Amino acid sequence: MMTKITLNTEFNFLQIIPEFFPDADEFELWGSILLSNDEITLLETSIGADRHQIRFCWQTQNFNLNFEHYSESLWVSPEGVEAELLLEKLQLFLLSTLS
């Protein structure tokens, strides 16, 4: 598998380790491809100097796909307790869309 997605249960987020880390100016396209699915609704994208973020909705809950160029970090964080409870299912869903 090219992209790994692991669940961090201690801090409640999904760590994403792609085979090729996107450049800062490629993140928006990379993220929209990763999240390209009828079950996911993209809500908003914010591009900052150091961190970029795509907010999205899955199963009526909101999440953030976060990108930090300098630390080469990609992760999905939940917005709220209900979203936290869906992290493991979201991990399996995203992995299934990659295969």
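Strands here are DSSP runs of E with at least two residues, numbered from the N terminus. Gln61 lies in one of them, strand β5. The model is a predicted one.

**Overall build**

The chain has 3 helices and 6 strands. From the N terminus on, their order is β-β-α-β-β-β-β-α-α. The radius of gyration is 12 Å, close to the 13 Å that the globule rule gives for 99 residues, so the chain is as compact as a globular protein of that length. Of the contacts with a separation of 6 or more, 42% join residues 24 or more positions apart. The mean positions of the 4 positive and 16 negative charges are 6 Å apart.

| Property of the chain | Value |
|---|---|
| Span of the C-alpha trace along the principal axes | about 30 × 30 × 30 Å |
| Buried share of the 99 residues | 37% |
| Accessible surface | about 6,000 Å² |
| Part of that surface belonging to carbon and sulfur atoms | 49% |

**Helix α1**

Helix α1 covers residues 27-34, and its buried residues are Phe27, Trp30, Gly31 and Leu34. Seen down the helix axis, these buried residues fall within an arc of 95°, so they line one face of α1. Leu29 and Ile33 are exposed on the other side. What do the buried residues of α1 pack against? Their partners are strands β2 (13-17), β4 (51-58), β5 (61-68) and β6 (73-78), along with helix α3 (87-98).

**Gln61**

Is Gln61 buried or exposed? Its relative accessible area is 17%, and buried means under 20%, so Gln61 is buried. Leaving aside neighbours within four places in sequence, Gln61 is in contact with Phe56, Glu82, Ala83 and Leu86.

Conventions. Residues are numbered from 1 along each chain as its sequence is written. This is a predicted model: local features need pLDDT of at least 70, side-chain atom pairs count only at pLDDT 80 or more; totals for chains, interfaces and linings use all residues. Side-chain values use heavy atoms; hydrogens and water are left out. Buried means under 20% relative accessible area, exposed over 50%, partly exposed in between (1.4 Å probe, protein chains only). Helices (H or I, at least four residues) and strands (E, at least two) are DSSP runs, numbered from the N terminus. The arc is that of the directions from the helix axis to the C-beta atoms. Contact means heavy atoms within 4.5 Å. The radius of gyration is taken over C-alpha atoms; the globule rule is 2.2 Å times the number of residues to the power 0.38. Accessible areas come from the Shrake-Rupley method with a 1.4 Å probe; for residues, only the protein chains shown count as cover. Lys and Arg count as positive and Asp and Glu as negative; His and the chain ends are not counted. The place of a charge is taken as NZ of Lys, CZ of Arg, CG of Asp or CD of Glu.
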